[in-house]
Structures are given as C-alpha cells and as structure tokens.
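Please walk through this structure with me, beginning with the terms and then moving from its parts to the places where they meet.

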Amino acid sequence: MRAQQIVVARPINAQPVAADFRLEEIELPAPEAGELLVRTRALSLDPYVGSTLRGRHMGHDSGAPGTLVVGLGIGEILESQDGDFSPGDLIAAEIGWRDHAIVKAETARRVDATLTPLSLHLGVLGMPGLTAYAGMTHRAKARAGDKVLISSAAGPVGGTAGQIARIHGATKVVGIAGSPEKCALVEDKYGFDQCINYKEEGWQDKIANAFPEGIDVYWDNVGGELLNTALTNLALYGRVVLCGLASQYHVDDRPAGPNPGLYIGKRAELYGLVVYDFYGEQADYAAKAAQWIADGKLTYVEDVAQGLVAAPAQFEKLMRGENIGKTVVRLD
Ligand SMILES: NC(=O)c1ccc[n+]([C@@H]2O[C@H](COP(=O)([O-])OP(=O)(O)OC[C@H]3O[C@@H](n4cnc5c(N)ncnc54)[C@H](OP(=O)(O)O)[C@@H]3O)[C@@H](O)[C@H]2O)c1
C-alpha cells in the first residue's frame, strides 16, 4: 500500500525549521509475523526529537538526509499478524512521521479508546505525563507542605508535574514560563499559585520573593541561569529534579554547570530523570491520571495541527518555544 512520510531533507546543524523536512510517498510492504499495519491517528512532537535529529539525544542520531523523522504516535490497526492485537485496536508506538506504518507488535502499547481525544495518550496520559508523575512521585517524593518551583511550566511535563505536586499535598506551586499567555495558562488552567515570566525584568527577585522560606522541590526543564537562580533559593535539604535542558539544546557551546558549592551549602538532593526507566508503569499511570482528569484534579492543554503535511511547521513552532501545551498532529 502507498503511504506518505516526512523525512529529513538536508543536514540539520542548528535549531530545526520546517524547511529541514520534506514529504515523500513510499510503498509499504505487507506486515509479516509479529507485525501490525497501522493507520496513524495522532503524532506526538516532542523536544527530544530536535536533539535526536542532531545526534544529541542520549546518543541517538537519526538526522541523516532521507531518514524518517522519529516520533511516538497513536495508530489504528488495519491488519494484524500478531495474536494479541486485532484490526480496530488502538495502540501507542514509535510510528514516526507517516500516515501508515508497519509496527512490531512487541513494541506496541494498547490504549483505552474511550479516553478521547486520542492525542491524550501522547500527552498527559502518555510519555510527558509519565515523566511528570515519575519525577514528582518517585524522584522528588513530593509531599504535604512542599513548596515547589517548576520551569517550562506551560508545557505538558511542567504543567502536569505541578498539578501532581498539588495532588501529593504541595502547599505552594509556582511556575516559570516564557510569555504572559503561557503564564495565564499556568495560573488559570493548571491552577498554580503564581507564574513568573523569565523574559521580563526582575524575574530573579520574583522567584526569591515567592519563596521566603526556600524552595523544597525545584523541577528543572531548562538548565543554565534558571537552574542557578533556583538553587540559590533552595531550602536546606531541597530536592531538584533534573529533567530537561531547554536552554542548551541548540547552542553550540554549552555553559559550565552551576558551582557545586551551591549544592553542598543547601545539602541538596539531585535527581537525574530519564522516563525510559519508568515505562513499566505507563499503563498504571495512565489509569491513575485518567481518574484524576475525571475527578477534576488534573487538566491539560494541547497545541494541535491537522494533517501530516502540517508536522514540519508545527515542529518548528515547538522548537521556537511557541507551543502552548502539548504539541500534537492529528491525522483523523
Ligand atoms: N528526562 C526525561 O526523561 C524527559 C522526558 C520528557 C521530556 N523531557 C524534557 O522536559 C522538558 C519539557 O518537555 P515538554 O514536552 O513539556 O516541552 P515544552 O515545555 O512544551 O516545550 C519546551 C519549552 O521549553 C521552553 N524553552 C525553549 N527554549 C528555551 C530557552 N532557551 N530557555 C528556556 N526555556 C526554553 C519553552 O517554554 P517557555 O516559553 O516557557 O520558555 C518551550 O515551550 C523538555 O526539556 C524535554 O526535553 C525530559
């Protein structure tokens, strides 16, 4: 069968832009034993893809011209050569930027079709949600009374992490984001106590003033000066989840890290987070988060584009930090 896919059009040596990609048509083979033919219903666009295209994501390199762009997606099974799956089932898997794909059944995760839109399984119920849950629950061990600061708070990881901290009993949750529109979302929709725009003058003082007794948990999606400032305001024995490095993904010269004296003086606990370690919990987390959504304790926002051809421009928007919420492409 004929399928459309988006591949890398030229070497990518800087922050990716839409012109780095091109659409092409291919002939898909019939699925063999243990494989599934799926029609893509939704694609997830995530910051790690930008790093992967430049060979900077945990050693993965998929940026050579002509290569299919990687990405998680939701697929509807059209044909199954595996006993565990049937046509019509919905799965989450590494599909890549294409409208149809052959997927190995052993890599597919069945998703609950009653939880819609299906793109939820790529965001708040999917990898970013699990990242937030695992980091807040297992790493920071958020608990009653915690005062929490979260960077990139308008995104699916940060926004979900703050709400989960609240579910665990945090008494103060403050976000950091890059525009008034994002800050309004963080306060009004995600229910954070406050959001500080780090692109406005005086943001460092605002962080200090928001935490007169210090920060118990800092969730870092950014690195650099934000991390330094948060550490300076950390409470004694504060916990720091190191989740992302948004300020450094596309710079050539990465700055030196914070002075270790900051960690020592604060007796800080630092946790490097890699969501892959927690994939075994995905199904349990999704069920728990679906209940939180139903109970009105957890909410989400999606930044949606329609159709495979829209993926490059939608990805450029994410890379520029202009996304509001979880970036997805729907192919319905
Ligand atoms: N450790 C793990 O296993 C794991 C898993 C998933 C995601 N992550 C990381 O978690 C972070 C958040 O992911 P997400 O999916 O929720 O993405 P996201 O927050 O929706 O998107 C990234 C955001 O980073 C911010 N940003 C971009 N450039 C920046 C810069 N130069 N300085 C400061 N902030 C910048 C922008 O928000 P502002 O406008 O607010 O700055 C942008 O919207 C990412 O860094 C991602 O790589 C890690």
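A residue counts as buried if 20 or more other C-beta atoms lie within 10 Å of its own, as exposed if 12 or fewer do, and as partly exposed in between, with the C-beta atoms placed from the backbone. The model is a predicted one, in which local features need pLDDT of at least 70 and side-chain atom pairs count only at pLDDT 80 or more, while totals for chains, interfaces and linings use all residues. Residues are numbered from 1 along each chain as its sequence is written.

In H4, the residues Lys-182, Cys-183, Leu-185 and Val-186 are buried. They lie on the same side of H4, because they cover an arc of only 155 degrees around the axis, the arc being that of the directions from the helix axis to the C-beta atoms. The face turned away from this buried side carries the exposed residues Pro-180 and Asp-188. Among what covers the buried residues of H4 are H3, strand E9 (172–177) and strand E10 (194–197).

The chain is assigned a domain 1 (2–123 + 300–330) and a domain 2 (128–276), with bounds that come from an automatic or database domain assignment. Their centres, taken over C-alpha atoms, are separated by 29 Å. Across the boundary, 12 residues of domain 1 are in contact with 13 residues of domain 2, contact meaning that the C-beta atoms of two residues, placed from the backbone, lie within 7 Å.

Leaving aside its neighbours within four places in sequence, Leu-149 is in contact with Val-174, Ile-207, Phe-211, Ile-215, Tyr-218 and Ala-230.

Which residues come nearest to the ligand? Of the 26 around it, these are Gly-155, Val-157, Gly-178, Gly-244 and Gly-321, where a residue is near a molecule if its C-beta atom, placed from the backbone, lies within 6 Å of it. Domain 1 and domain 2 each provide at least three residues of this shell, and H3 gives the most to the shell, with 3 residues.

Key:
Helices (H or I, at least four residues) and strands (E, at least two) are DSSP runs, numbered from the N terminus.
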